[in-house]
Amino acid sequence: MYCQYCGNKVEDGSKYCPKCGSPLAGKSDAPKEEKQNTTDFEKTYYTESASPRTGTKPGSARTMAIVSIVLAFFNPLIGLIVSIVAFNNAKRDDPDSLGLAKIGIIVSIVIMAFSLIITVVALVIMLPNMLEIMEKTMQEATGIIFRG
Ligand SMILES: [Zn+2]
């Protein structure tokens, strides 16, 4: 028989491996089975992690990229997320759709930046009016308090 830890050849019935000192007595089959299980697990793990590479349908990255461009006009954040996913899928499965996914990312970012600028401009325009309204409200409030 052989030591299941170091592979050293040992006499049948030996309790310990003379080379590495591992206990061998009686249990020579159990650890071997365990080792077999791990390799089985590894096999399943690797085939499972490898299957999405070939599992996604060709053209799905392209569809996703187109959807992301459309979504960007309604919600640029969702558009950006979808286009990044499309980009990763395209990089993996469909290099021809990379350009389309990039367009999705750019459109999403541009729309996001544009709406941010509009929000900032609107705030800058509205801020003096808002301060005025707040001031008036405060004056009215204090007036009410002092009048009793
Ligand atoms: Zn050994």
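What share of the 148 residues in the protein is made up of buried residues? In this predicted model, buried residues account for 19% of the 148 residues. The protein contains four helices and zero strands, and its elements follow the order α-α-α-α from the N terminus. Of the contacts between residues at least 6 apart in sequence, 46% join residues that are at least 24 apart.

The largest nonpolar core comprises 15 residues. Within this core, Ala61, Met64, Ala65, Ala86, Phe87, Ala90 and Ala101 touch the most other members. Helix H2 (60-74), helix H3 (76-93) and helix H4 (98-147) each contribute at least two residues to the core, and the largest share, six residues, is supplied by H2. In general terms, nonpolar side chains tend to be buried together in soluble globular proteins.

Helix H2 consists of 15 residues and spans 21 Å from its first C-alpha to its last, close to the 21 Å expected at 1.5 Å a residue. The buried residues of H2 are Ala61, Arg62, Met64, Ala65, Ser68, Ile69, Leu71 and Ala72. Helix H3, with 18 residues, reaches 25 Å between its first and last C-alpha, close to the expected 26 Å at 1.5 Å a residue. In H3, the buried positions are Pro76, Gly79, Leu80, Val82, Ser83, Ala86, Phe87, Asn89, Ala90 and Asp93.

The packing of two helices is described by the angle between their axes and the distance between the axes. For H2 and H3, the angle is about 165° and the axes lie 8 Å apart. Because angles over 145 degrees count as roughly antiparallel, H2 is roughly antiparallel to H3. The crossing of these two helices, H2 and H3, is left-handed. On the H2 side, the residues that take part in the contact are Ser60, Ala61, Met64, Ala65, Val67, Ser68, Leu71 and Ala72. They meet Pro76, Ile78, Gly79, Val82, Ser83, Val85, Ala86, Asn89, Ala90 and Asp93 in H3.

Individual residues illustrate these arrangements. When residues up to four places away in sequence are not counted, Ala65 touches Ser83, Ala86, Ala90, Ser97, Leu100, Ala101 and Gly104. Ala101 is located in helix H4 and counts as buried because it has 27 C-beta neighbours inside 10 Å. With residues up to four places away in sequence again left out, Ala101 touches Ala61, Ala65, Ser83, Ala86, Phe87 and Ala90. The C-alpha atoms of Ala101 and Val67, which are 34 residues apart along the chain, are separated by 9.7 Å.

Two isoleucines have intermediate surroundings, counting as partly exposed. Ile109, a residue of helix H4, has 15 C-beta neighbours inside 10 Å and therefore counts as partly exposed. Its C-alpha atom is separated by 7.0 Å from that of Pro76, and Ile109 and Pro76 are 33 residues apart along the chain. Ile78 belongs to helix H3 and has 14 C-beta neighbours inside 10 Å, so Ile78 likewise counts as partly exposed. Between the C-alpha atoms of Ile78 and Ser68, ten residues apart along the chain, the separation is 7.6 Å.

Definitions and conventions
Residues numbered from 1 in each chain as written. Predicted model: local features only at pLDDT ≥ 70, side-chain atom pairs only at ≥ 80, totals over all residues. Buried ≥ 20, exposed ≤ 12 C-beta atoms within 10 Å, placed from the backbone. Contact = placed C-beta atoms within 7 Å. Core = buried A, V, L, I, M, F, W, Y, C linked by C-beta atoms within 7 Å. Expected span 1.5 Å × (residues − 1). Axes fitted to C-alpha atoms, helices over the stretch in contact; angles between N-to-C directions. Parallel < 35°, antiparallel > 145°, perpendicular 65-115°, else oblique. Left-handed = near helix turned anticlockwise from the far one by under 90°.
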